[in-house]
Structure formats: structure tokens, C-alpha cells
Amino acid sequence: MKKLFGLATVLLATVTLAACGSSAKDDTASSSADTTKLVVGATTSPHAEILNEAKPLLKKEGVDLEVKSFTDYTLLNKLLAEKEIDANYFQHKPYFEDQVKENGYDFVDAGAIHIEPMGIYSKDIKSVDDIKDGTTVITSNSNTDWGRILTIFENAGLIKLKDGVEKTTATFDDIVENKKDLKFKHDIDPGLLVPTYENEKDALVAINANFALTAGLNPEKDALLHDDDNSPYANIIAVRKGDENKPAIKKLIAALHSDEVKKFVDDKWKGSVKIVDAK
């Protein structure tokens, strides 16, 4: 009789534990169905900061956003290709297109988010009218920025590029008119542009906004020239082909264009970073 009672007790305990396990599994499945995990890799500033600002908005939409922040941007496309992250946010469109072509990545642009205006700065030259004939223009050795810089100078009426040349891929060989005989020097590492600006006399230095920010430079206030809001150099969300239509990605793009995120960006960077219109 004792053996029978003991067996009944064991069976009851087993059924109870099985029921508990089934309930926990059901709860987890329900949670997974209600919430989508989205892992986005980004450079530290401003990209990761902007993503973190969008987190509460996405949470309300059922998206659990995990932001993985990196200082080495060269890893981010590799991680996306290897499916270690669901999307990345660090690169402008021409750089993205160059990377896709060079590496054969099966990526698509899911949407443009913000622009960091490229500025042309000088310690000594205070206005465009003060630019003298033969002035040196120092740019980085990153050829994906050259067309952008040349377009800024062309828009200012200082140079003219060949008719029909694609502005985003233009090079210094495409200059056909150079009214002030500007001397373009393009062999500087991007990370050295700020020290170059600090030390080079009577020169113009083209500095990307992320580097300018570290030196306390604002393109709208401190640059002699900068690109406009219609520049094709907006920073994008990149995803693997086919993922651009996933609901979580669509919600991410919408959140990053929200009024809340726009206000955060305007208040924090005051024109050095600007959310672009959704398209």
C-alpha cells in the first residue's frame, strides 16, 4: 500500500512539473510573438546615441531594439553579412554602394536617416571672398568623399566639373575650370584632418562632421562652405536583401524619423547632425 501511495505521489509530481513546464513554454512563445528582437550595429556617435533614443518608441511597437556599438566601423558590414546583426547604421549611401560593389554584399538601403554635413574649414581664411589664388585645399584620402567635396566647391562657383560626370564619383581629374587655381591635396588620413586644420596656415580643410564634432566645430556655424540638405550623403540603415520589408525594420525607420528623435538630434548637435526627410 505504501509503495502504491509512493508511486501515486511521484506520478502526481511528474504531472505537476510537466504542466508547469508547458505553461512556461507557452508564456515564452506568447512573449516572442508579441515582441520582435532587433539587433543593430552602429558606430558610437551619433549613430548609437540616435538608436538608443528610439528604443522606447520601438518598445511600444513591440520591437526590442539591441544596439551594439563599435568604434571600428570596418567591422559593421562584415557582421551584417555574417548575420551577427540584423542591420547596421554608420555609412552614407555612396560608401555603402562602393562597399557592396567591392565586396559583393547582398545588401539593400532600407532608408536614409540623417546627414552629417561635410564642412570646409580654415583657421585663417574667414570668408569665401578671402580665398586667394593658389590656396591649398586639403582633403582625406577616402575617394568616396571626393565627389562630395568637389560638389561643395562647384556649388560655391569656385570650380566646374565635366558635363555629365556623376557627382558622387567625381575625382579631381574631372575639374575642367578652377577659377582660383586651387591646389587639391588628397593624401591625408581622415583621422588627421582636425590636427591638419589646427596647424596648416592659409589652407582650406575638408572635415567630415564626426571628426569636426570632436574638435568642437559646427559645419553650419564654423565652416566657410558645407553641403546642403539635398546632399546624397545621408547615413542609412543597411540590411540584407529581403529584410527591408520586415515589420521591425519598417518600425525602426519610422521611429528614427519621429518628432521625438528629430528634437533630440536638433537639441544635441545643433545642425552638425540633421535628420533627413523620410522617403
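## A buried lysine and its partner

At 17% relative accessibility, Lys274 counts as buried (buried means under 20% relative accessible area, exposed over 50%, partly exposed in between, with a 1.4 Å probe and protein chains only). Lys274 forms a salt bridge with Glu220, and the closest N and O atoms are 3.0 Å apart. A salt bridge here is a side-chain nitrogen of Lys or Arg within 4 Å of a carboxyl oxygen of Asp or Glu. Lys274 lies in strand β13 and Glu220 in helix α8 (residues 219-222), so the pair ties together parts that are 54 residues apart in sequence. Glu220 is partly exposed, with a relative accessible area of 39%.

## About the model

This is a predicted model: local features need pLDDT of at least 70, side-chain atom pairs count only at pLDDT 80 or more, and totals for chains, interfaces and linings use all residues. Residues are numbered from 1 along each chain as its sequence is written, and side-chain values use heavy atoms, with hydrogens and water left out.

Helices (H or I, at least four residues) and strands (E, at least two) are DSSP runs, numbered from the N terminus.

Glu49 is partly exposed at 25% relative accessible area. Lys268 is also partly exposed, at 42%.

Asp109 forms a salt bridge with Lys93, with the closest N and O atoms 3.3 Å apart. Asp109 is in strand β4 (residues 107-115) and Lys93 in helix α4 (residues 93-103), 16 residues apart. Asp109 has a relative accessible area of 29% and is partly exposed. Lys93, at 27%, counts as partly exposed too. Salt bridges that share partners join Lys93, Glu97 and Asp109 into one network.

## The five-stranded sheet

Five strands form an open sheet in the order β9-β6-β10-β5-β11, with mixed pairing. Two strands pair if DSSP finds at least two bridges between them. The edge strands are β9 (183-188) and β11 (225-226), and each pairs on one side only. Helix α5 (residues 146-155) packs on the sheet, touching β5 (119-121), β6, β9, β10 and β11. Contact means heavy atoms within 4.5 Å. The direction of α5 makes about 150° with that of β6. Axes are lines fitted to C-alpha atoms, for helices over the stretch in contact, and angles run from 0 to 180 degrees between N-to-C directions.

Strand β10 (residues 203-207) pairs with β6 (residues 136-140) in the parallel sense, over three bridges. Val137 has Leu204 as its bridge partner in β10. Thr136 stands opposite Ala203. β5 and β10 pair in the antiparallel sense, also over three bridges. There, Ile120 stands opposite Ala206 in β10. Both faces of β10 are covered: Ala203, Val205 and Ile207 are buried on one side, Leu204 and Ala206 on the other.

## Helix α10

In helix α10 (residues 259-269), Val261, Val265 and Trp269 are buried. They cover an arc of only 35° around the axis, which puts them on the same side of α10. The arc is that of the directions from the helix axis to the C-beta atoms. Asp259 and Lys263 are exposed on the other side of α10.

The buried residues of α10 pack against α2 (44-60), α7 (209-214), α9 (247-256) and β13 (274-275). Lys270 follows α10, and its phi is positive, near 45°.
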